[in-house]
Amino acid sequence: MKRLFLCAVTSGGRLDNPGHFYVKGGLRGGQSCGQMPLYIPQKVKWYGPNGAFHPRPCGVCCPAHELSSGRLILVTQNNFLSLSPLLSDMSIPNMSAPTRFPLDSLRSLWPYLKMHQRQYVIGMVLVIFANSINLLPFYFIRLVIDGLTGARDGDPGTPGITLAQAGWYALGIVVAAVAAGVFMLYMRRMIVVASRQTEYEVRRDIFAHLQGLDKPYYDRASTGDLMNRLTGDLSAVREMLGFGAWQIVNIVSGFLTSFAVMFSLSWQLTLIVLAVVPIIVGVLTYLARLINVRHRLAQEQNSKIAGKAQENFSGARVVKGYAIEDREIGDYKAMNLELLKRNIALTKVDGPLRSFMSLLLGLAFALILLVGGRLILTSNGAFTVGMFVQFVGTLERLTFPMLMIGWITGVTQRGLASWLRLRELYDARAQVQDVPGRTDTSIRTLDGDLRFQNVSMNYGTREVLKNIDLHVPAGTFLGITGPTGSGKTVLGQLITRSMDPSSGVVRMDGHDLRVIPLRLLHDAVAVVPQEPFLFGDTLANNIAFGVEKQELPLVKTGVSVVGAPPVPNIPQQPDPERVRNAARLAGLLDDIEGFPDGFETLLGERGVTLSGGQRQRTAIARAIVREPAILILDDSLSAVDTETERKILDGLREVSQGRTVILIAHRVSTLRHADKIVVLEEGRVTEQGSHDELLELNGHYAELERLQRLASDLDEDDDAIGDPEAAADRLAARREAIRDAQSHQTQNSQTQPTQTQTRQEVLK
Amino acid sequence: MTAPDDSYKKEFDAQLTRRVLRYVQPYLKLVIGGIVLALLISLASPIFALIQRHAIDAYLTPLALQNVGSLDALYRGLTMTALLYAGLKVLQFGLQYAFALVIGYLGQNVLRDIRADVFSKLQRLQLSYFDQNPVGRLITRVTSDVDAINQFITNGLVSLIQSTFIIVVYVVIMLSVNWRLALISFTVLPILYFATNFFRTKLRDAFRDTRTQQATVNSKLNENITGMLTVQLFGRERRSALDFDHSNRALLTANENSVHWFSLFMPVVAVLGQVAVALILFFASQQILGVGLDANGALQTGVVAGAITVGTLFAFIQLSQQLFQPIQDLADVFNTLQAAMASSERIFGVLDTEEEIADKPDAKTLPNFEGRVDFEQVWFAYDQTVTAETPDSDSRWILRGIDLHIQPGESVALVGATGAGKTSVTALVSRFYDVQRGAVKVDGENVRDLAQHDLRKHVGVVLQEVFLFAGTIESNLTLNNAEIPHERVIEACKYVGVHDYILSLENGYQTEVRERGATLSTGQKQLLAFARALIQNPDILLVLDEATANVDTETELRIQQALVKVMRGRTSVIIAHRLSTIEHCDRIVVMKKGRVVEQGSHSELLEHGGYYARLHRLQYAQADAAD
């Protein structure tokens, strides 16, 4: 597969800093342009490197050196290295074959269908069998009826029937029904199960694919949107594959077999049916569309009204605070009424669907009775009552297929559109990933010697890091501080290669981070993020989260689940002693022992909600337990009180022997014992040195220290509240304050008139 | 992820059913109409098979010509029959359509009434109820629980009535046409009933299992997508993938199980139908051919004319098939009724919740509002198990004997550490909660004696976290009060200095804002909140002014100015973090651990040299640092 990447070029022929642009909507393969095809069917907004809006992309494909400023170009994968960082998830797979919706959509679904080829084919053959056999009972009924009339008419010329024969025919009906039933049973177990299996496989594969995507992707993607695709869209695709595929075959084979039988019975009556059926189908299709539209309208109102409830319950404080309950209830009632109207409108077209069908068929029957009756009376035995009954019965078999025609188009359209949205997930590519040829697999270990060489980082036009040069020898305890937005977190994220720098190189042990296998890098670095994400699992499992000694088997993707071995059991997490020790070092042990379930305490929705400080300490334990070469703590002691902080820092020193520790913090008390402290301001390193050196410098750090000393004075004052002597002081102060307040009151009442006046002026 | 699916555990409860039915009562006419229609439909339905029987016997059998005489007469009869059939079909459709509409109206109206009741109740419930119940759970009450009751009425009760009617009518007619054949065709029905019941139960369990597994898969998906970067940083991909695969497989198995039962169910019903046909065919043949047992059990041979006809045979095949649907519906009806029990119980649970903060029967309103606020020895705890008798030393007390007297028009700033009880003081002025000891008075009246609604109309709150409703900027400012003129909105916005910003938006005042105001910056939202408070023109203003880190200096300055402006001339209680704001207040009250520790004007407190003085020094230093 040839991959193509889109990028913007900032200046003539220079590819070193391609800049960023953002694409809203999606990209898809197609239309040719020069030698290479570029096709963008959706409305896309293009932004140039300086954020300027481009009315349309210029899909110029030419050698890199001919590029001029501000153009959007297509580049082949060979240029990837030189073009990094690209927003490579905009890649367009398989561009060599320009394709068109929905054929392309179906083609990409083919690999999944192929895995269950056998099931689908057998299932469809069974549908055809069942449809044919289902027509047999009417044949037997006809034979019995004609036999009975023959026996009863007193005319020896017409053949009669014996009871034994009637018995055999009756048995034939049951046998045919059983056979058709068995076929339908296996059909469902083939096709419907296959569609469920495909659903499983697609979910499995997309999950695996999502695991490979990087931070830039997740920064843009919304969880809600991804979830919608993996639930709603996936269901729509499954419905198309299971119910849809079955119904299409059912409709086609049902019509063909029924019409063959009807034609053989009476071509005259068949002609009538042929005239009537298109009308019925037309009307039903129209109704189905109407129902679809009204159903959607009702659904929309339904979510609106649920949204209103959600909003009012979350905003209860505002609603009550401004005493607008009555107005809100009135609003809600109006929306409620609208919902009622829309639901009734839906009922008007939806409710009588079955009786409508029965009406249409009834009218058809009346017509057939009229014409068929004459046929019986005039055909002199060529068309019998039995045949009439068989004809009517065969026609009735078509009720369901006729109803389905209207629905099936909707199911297919939804399914295809949904598959397109799922395809977009497959098409997303990570920018940060191992690239064969670039990644150096010979690197086996990392010691944690870090070097930033002239590193800059841009977000769009915003520079968050500017020419950072920094060396952190292995085993250093480095503190980083600086105001909010100074780039501290980004610096940490560059070390884990959550993203690659816009320019410059980050090196570990002398290797460019981009050549180090990602797995190795992630094993060597442990991060405690600002807002740690914990999982809905036990505390022990959350702490042991990143410990993986044995290589677990990979979940295979792109293979059929049929006959696949059972999912291997996941080995238990490592020894509790190690987890316990990490918890102790993170100052979490006392908290955990306070929980009734200890380390087995379940976190999250169905379990315990940890406090901010507990979350941070859990995340610290989770990082420590991995015994990483580099430990990064990103402002992860902010919600911890000073005493616990001291304990944790002691613990950290215990484990940090020989490890590089990077501690991002605002508190001087946290930073003071670092080997070296770096102050970042607006993306630049403005101060660096030891605690004492920085104090001497009398810059930002010294100022920080002074402020915090003042603040801690206040804290101490806070603590004094329990002190009886302080309490006495406080009481005295309060009495004094009340006296003050009373004198204020008199003062205020004097000034009041003018104040009221002011208010009236403000809002006349 | 989803509400616990405990519906199956609930037994059918007559008490609850009666309460649900009370919602049907106002629509008695619809109910009666529906029942009449259901009866008419039941009576009309078997006619078609009887007409077919007549058509076959009278016109289509070879003997017909002999009976009637002329072909023309036959044609005429046939035409009349066909027309009658078509005409009755139209009538039947009319009845069914009318029935569907009546039931639709009934169900939707009941749905609407219950929804409105639950919503109104929830709007009136005290704030502490919202503190205790997650929003997600409350939403379920007005959505899926209400839907379950609708199912109860439209699918449960209605199909119970309709199915019973149809079964009775069919049984009577079939018996009267030919009781032997009728009894024979009925033999299948009990089997059908029990088979349906059996499979429905199996399917319900299977679907429940599927839903549970689907919920697990969804919550794992959600968790993994949200925490994907953590998974990657900790090299957990393989374990997570395996773990997810386990759940994914379990879902597949559950789905396969559902398919398994479903694939059995449908053919069994179909086969039973054909068995009924075969039985009728055989026994009708037996009677027609005259081979059979007479009433005395003796074997008879020879033609017994008129006992049964081909037309009767055909009609019976039709009638027996038409009995299948109501029997199946009936078999399922109790499942549906039961399923709604848990939902109705939850809904009535909400409706029965006591309104703890309710107006007294003789609640007063204050026509001439002055804006005096008095706290008299107020002790307060959010924990409702705390009562007036709880000892003073209990750690759950939030306010411990607050005495605070605020004059009309006075502005008071509350200062203190987090947890000192500042927010609680403001919440008590609006009577969001009732105090355990002491009294909160507004204009000398205990807030408990005032009509809440009236009280809160006089009290404006600017919250820490500005809550914006989905709608336009203007509707958020007026809080959907259409009576507030646009000019007043503009005036207020100009006053707090957000007018120009609003005009710079694409649609000005009509710009759509989304939930929690995702499209606006923090600073802008705060200015809007001031404008909102100003437009509502309250007599007492409560401002919870969070120190906002992500506000640029210019906006910061604007917020300060706006705050001073909105405070001007009205009783204001402000929780402020900005020094300049505090300095503008007439009085500063320093709180610590639920008590007032210092109060006085800015200069007095500075002179006093207490907590406030030190706080001031620190903030000043910070402000210096920021410059």
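A residue counts as buried if 20 or more other C-beta atoms lie within 10 Å of its own. The model examined here is predicted. In helix 8 of chain A, the buried residues include L269(A), V273(A), I280(A), V281(A), L284(A) and A288(A). Further along helix 8 of chain A, A298(A), A309(A), E311(A), N312(A) and F313(A) are buried as well. Helix 8 of chain A covers residues 267-314, 48 residues in total. From its first C-alpha to its last it reaches 68 Å, close to the 70 Å expected at 1.5 Å a residue.

Chain A and chain B are in contact. Each chain contributes 142 residues: 142 from chain A and 142 from chain B. On the side of chain A that touches chain B, helix 5 (residues 163-211) of chain A supplies the largest share, 27 residues. By class, that side of chain A has 77 nonpolar, 34 polar and 31 charged residues.

Within chain B, two helices pack against each other. The axes of helix 4 (residues 71-124) and helix 6 (residues 135-177) of chain B come within 9 Å. They cross at roughly 155°. Angles over 145 degrees count as roughly antiparallel, and helix 4 and helix 6 of chain B are therefore roughly antiparallel to each other. Their crossing is right-handed. Helix 4 of chain B brings I103(B), G107(B), V110(B), L111(B), I114(B), R115(B), V118(B), F119(B) and L122(B) to the contact. From helix 6 of chain B come residues including L138(B), R141(B), V142(B), V146(B), I149(B) and N150(B). The residues of this contact divide into 13 nonpolar, three polar and two charged.

Key
Residues numbered from 1 in each chain as written. Chains lettered and ligands numbered in written order. Predicted model: local features only at pLDDT ≥ 70, side-chain atom pairs only at ≥ 80, totals over all residues. Axes fitted to C-alpha atoms, helices over the stretch in contact; angles between N-to-C directions. Helix = DSSP H or I, 4+ residues; strand = E, 2+ residues; numbered from the N terminus. Parallel < 35°, antiparallel > 145°, perpendicular 65-115°, else oblique. Left-handed = near helix turned anticlockwise from the far one by under 90°. Contact = placed C-beta atoms within 7 Å. Nonpolar A, V, L, I, M, F, W, Y, C, P; charged D, E, K, R; others polar. Expected span 1.5 Å × (residues − 1). Buried ≥ 20, exposed ≤ 12 C-beta atoms within 10 Å, placed from the backbone.
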